[in-house]
Amino acid sequence: MTIESWKIVEQNKQAARDALIPEDWRLSPKVLAESTTNVTHVPRTCGILTEAEIAITETPADQLVARLASGQLKSYDVTRAFCKRSAIAQQLTNCLTEIMYEQALTKAQELDEHLASGGKPLGPLHGLPVSFKDNFIIEGVDTTVGFTAWANQPAAAHEESAMTRIMRESGAIIYCKTNVPTAMMMAETYNNVWGYTTNPYNRQASSGGSSGGESALLAMNGSPIGIGTDIGGSIRIPASFCGLYSLKPSFGRFATYGARSGMPGQEAVRSINGPMSPTLEGLEVWTRAVLASSPWLRDPNMLPMPFREETLPEKLCFGLITDNRLVKPTPPVQRALAETRTALEAAGHSVVEWVVPETDTAARMIKTLFEADGGEKIAKTIAAGQEPWPKGMAAYATAFEKTREAGSAPGVGDYWAIQAERTAYAKRALDAWLATAELSGSGRPFDGVISPVTPWPACPRDCFGGHVAYTAMWNVLDQPAATFPVTTVDPAVDLKTESPSRTPEEEFIWNNYDAEQLAGLPVGLQVVAPRLHEEKALALTRVIRDALRGAA
């Protein structure tokens, strides 16, 4: 029996990646055999990292940046520590695609020599390792985005994404890229090139998608800051699944030019770039660095908006979405919402439950916009690689079959009509937000809106269920949102006492929810701010984080 060509691509790409992990960074068969579900402890206990390297990789990004700039830490030592820890994370969760350890260590050595010779730090991220989602184009390596057809096409220097160049010029060290689902259009991370990425808190669960390689790596402290992308929840879903902070901005703040897309040309809902980190300070360090680079001079779609310091009122009023009337959150997410409300009220803020308007409209609209080409672009790329459709891409496969049966995809007029509907919907949503001034008690509209990210804390493998309305509506409306961790799943209190079934998605999710199966997984939420107010989203997240810490 011959091996299908896509399987050969898969085997060769994975073997080439794995060969770049040094022998003395590889986990022993004993450790691998004993690493069953929660593997977050393994980097500290496996013996590969020194005590100094453990300390480095568990130091927040803002502190690393300060110590690197002062010369207190050497970039070579910091980079080597994160290279080693990312290698451990890869072996346990399958989070990496391309490995660039040798190049990273060479660059780190150059930066150390520059500083030692009396030079100034080369940018606000001088010497800091930063990981990239696979769709960012980096010289010398592939950008497959999960397609076998795009393997074995290493990029030239002039092809690099704008964000790649911004990071280089900010002094960051580029050392790895991370896994994504096929075309970056699923909320679980797997594809026919790199396979499935698991959640390090429970390897029977998903790390989310589409930035699921980033979330798994960051949860293992294999990177201090990772760069993801989001078009329907692709930063926030994996961040919430893995207990991370993240920021999905509005389009126009952080350069997106030159990043590869699974659906190039789809701009009715714009993909954005944003940071993910184990700490809130990591998001702030990255945001300041990127905006200091004047991204509007690098990307024609960016707005000339430098970082703006945000001063919040002493007493805030948050809207709280507890149910979008399509899929009710599972018990751990319900508890996270209640605990966040209690913590904020104890800190002197007010929280008002809010029924978000027209969630069903947003859910229908984003599906229509994503499938507006009849699934042709994705189908052609899959066909070019002679690979099977991944299970989670069934909607696009169905759309393509309908296109073939009809003889053509929906026309330009159909696309214009849904875009016009989107704009009208955005106006109604803006009016609804502004009208909350009558509910807030402050005379202002809600300062921010707190919401589930998904109905799940994190889903069991292959069980996400496709419901992204909690995140995708804010993509349609182009409003920034930041995630924050709240708690972990506790089977003693997160028991399922009901099984709602208002929609097929809700029935599927609740039927697959099992508190025992998901024990210990992180539970995160998101806070949404007005459009183009990324600094406010970060400031609101700090208020929420501090309130939760004060209530602990």
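1. A residue counts as buried here when its relative accessible area is under 20%. By that rule, Phe132 and Phe136 are both buried. The two rings form an edge-to-face aromatic pair, with 5.7 Å from centre to centre and 75° between the planes. The rule is used again in several of the points below.

2. On confidence: this is a predicted model. The mean pLDDT of the chain is 97, and 100% of its residues reach 70 or more. Among the elements of the chain, the lowest mean pLDDT, 90, belongs to helix H2 (residues 29-34). The highest, 99, belongs to strand E7 (residues 245-248). Where pLDDT is low, predicted coordinates should not be read in detail.

3. Strand E6 deserves a separate look. Is E6 mostly covered or mostly open? E6 is mostly covered, as 5 of its 5 residues are buried. In a regular strand the side chains alternate between the two faces of the sheet. In E6 both faces are covered: Gly226, Gly228 and Asp230 are buried on one side, and Ile227 and Thr229 are buried on the other.

4. The pairing of E6 can be followed on both partners. Strand E2 (129-133) runs parallel to E6 and is joined to it by 2 bridges. Here Ser131 stands opposite Gly226 of E6. Strand E8 (residues 272-277) runs antiparallel to E6, with 5 bridges between them. The bridge partner of Ile227 in E8 is Pro275.

5. Further along the sheet, strand E9 (residues 317-320) and strand E11 (residues 448-452) run parallel and are joined by 3 bridges. Phe318 stands opposite Gly448 in E11.

6. How many aromatic pairs does the structure hold? It holds 9 aromatic pairs. Besides the phenylalanine pair of the opening point, there is the pair of Phe147 and Trp150, with ring centres 4.9 Å apart and planes at 75°, so this pair is edge-to-face. Angles over 60 degrees between the planes count as edge-to-face. Both Phe147 and Trp150 are buried. One aromatic cluster is formed by Trp354, Trp433, Phe446 and Trp474.

7. The structure holds 0 disulfides. Cys83 is in no disulfide, and the nearest cysteine sulfur, that of Cys176, is 7.6 Å away. As for accessibility, Cys83 is buried with a relative accessible area of 0%. Cys463 is buried as well, with a relative accessible area of 13%.

8. The peptide bond from Gly209 to Ser210 is cis, with omega near 10°. Ser210 is found in the loop between strand E5 (202-206) and helix H9 (212-219).

9. Positive phi values in residues other than glycine also need a look, and Asn152 has one, near 60°. Asn152 is in the loop between strand E2 and helix H8 (162-169). With a relative accessible area of 56%, Asn152 is exposed. Ser294 is another non-glycine residue with positive phi, near 55°. Ser294 is in the loop between helix H11 (280-292) and E9.

Definitions and conventions
Residues numbered from 1 in each chain as written. Predicted model: local features only at pLDDT ≥ 70, side-chain atom pairs only at ≥ 80, totals over all residues. Heavy atoms only, no water. pLDDT = per-residue confidence, 0-100. Helix = DSSP H or I, 4+ residues; strand = E, 2+ residues; numbered from the N terminus. Disulfide = S-S within 2.5 Å. Buried < 20%, exposed > 50% of the residue type's maximum accessible area, 1.4 Å probe, protein only. Pairing = 2+ DSSP bridges. Phe/Tyr/Trp six-rings, centres within 6.5 Å; stacked < 30°, edge-to-face > 60°.
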